[in-house]
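Keep the structure open while you read.

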Amino acid sequence: MYVREAHPTDEWQMKSNVKDDVCYAQPKNLKQRLDIANDFISRFKYPLPFGVDDMGNSAENAYSAWPERLYVIDEHGRIAYRGGMGPFNYNPKELRGWLAARYGEVQHVQHDAPKPDDLKHDDAKPQNPKPLDPKHDDPKAAASGPAKSS
Amino acid sequence: MRVNNAYTLFRLRGFLCDYGAEKNPLRIFWKWTIGVALALFIIAFIGLSLMAGSPKDAYGMVRYALPHMHRGKLKVGDDAPDARLVALNGSDRFHIRERTGAKPLVLVFGSFT
């Protein structure tokens, strides 16, 4: 999920951004935001499904996601894992361990970059979450129980 | 330049003498309060500069980062909020909650810079 830039040239630019040639001003409209996101995708060949937050920053605000953050939403539509606030508490390793404890070792699956046709769900409505099994909140309990991902 | 330095020393000496002779407890209180606050501010700024890398980065952190960093109120077990996202082609939209259900969904928030 692409959210507002953390170190744009017109705000708090870091030396590392200049060194890595990642220099963008803070986008003022959605097109600029999409241009940066697409540049990111093409430079890193990012293979996972990708979404861009709107200019009202609704996803960022809903998830307190800036500058970077990790979440897991479980099968019931509830927050199952909430990572710390980046950059200091952004910890993919911890998430990997959490996922392994709950769902078994992570298997690497080759994804293709998302195609526009795959993302045409504008008319679909959000699903209603099923009731949460309290056991699912506890990674230790989940690890000891039959909690395998489908 | 030499005259200026002498004048500064003279003023400093005068300040210290005045300070030593200060009898008004309210003025002493405010002098100490402002002095301590100033010292703490300088120490905090130096600490932040060391942590962030430079005084410029410390300013950037305070000016641009801290106002936007929120711990948030979401907790494990809460319903995942929905948000409408834009696809990379710019014309399609989708909701986060459309992607939840059959499998757990990992959300990775971030930006390029």
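## A hairpin in chain A

Strand 2 and strand 3 of chain A run antiparallel and are joined by three bridges. (Helices, H or I with at least four residues, and strands, E with at least two, are DSSP runs numbered from the N terminus; two strands pair if DSSP finds at least two bridges between them.) The two strands make a hairpin with five residues between them, and A:Gly77 in the turn has a positive phi of about 80°.

How much of strand 2 of chain A is buried? Five of its five residues are, so to speak, under cover. A residue counts as buried if 20 or more other C-beta atoms lie within 10 Å of its own, as exposed if 12 or fewer do, and as partly exposed in between, with C-beta atoms placed from the backbone. Both faces of the strand are covered: A:Arg69, A:Tyr71 and A:Ile73 sit on one side, A:Leu70 and A:Val72 on the other.

## What kind of model this is

This is a predicted model: local features need pLDDT of at least 70, side-chain atom pairs count only at pLDDT 80 or more, and totals for chains, interfaces and linings use all residues. Residues are numbered from 1 along each chain as its sequence is written, while chains are lettered from A and ligands numbered from 1 in the order in which they are written.

Chain A averages a pLDDT of 78, and 71% of its residues score at least 70; pLDDT is the predictor's confidence in each residue, from 0 to 100. Over residues 116-150 of chain A pLDDT stays under 50, and the model has 56 contacts beyond four places in sequence for that stretch. Where pLDDT is low, the predicted coordinates should not be read in detail.

## Chain A overall

Chain A has five helices and three strands, in the order α-α-β-α-β-β-α-α along the sequence. Of its 150 residues, 30% count as buried. Among contacts between residues at least 6 apart in sequence, 43% join residues at least 24 apart; a contact means that the two C-beta atoms, placed from the backbone, lie within 7 Å.

Helix 4 of chain A (residues 92-103) has 12 residues and reaches 16 Å from its first C-alpha to its last, close to the 16 Å expected. That expected span is 1.5 Å times one less than the number of residues. Just after helix 4, A:Gly104 takes a positive phi of about 95°.

## Where the chains meet

The contact takes 64 residues from chain A and 47 residues from chain B. On the chain B side, helix 3 (55-65), strand 1 (84-86), strand 2 (93-95) and strand 3 (105-109) each give two or more residues. Strand 3 of chain B has the largest share, five residues. By type, the chain B side divides into 23 nonpolar, 13 polar and 11 charged. (Ala, Val, Leu, Ile, Met, Phe, Trp, Tyr, Cys and Pro count as nonpolar, Asp, Glu, Lys and Arg as charged, and the others, Gly among them, as polar.)

Which strand of chain B does strand 2 of chain A (residues 69-73) join through five bridges? The partner is strand 3 of chain B, and the two run antiparallel. A:Arg69 has B:Phe109 as its bridge partner, and A:Val72 has B:Val106.

There is also an open antiparallel sheet of three strands, in the order 1(A)-1(B)-2(B). Two bridges pair strand 1 of chain A with strand 1 of chain B, and in one of the pairings A:Asp53 has B:Leu85 as its bridge partner.
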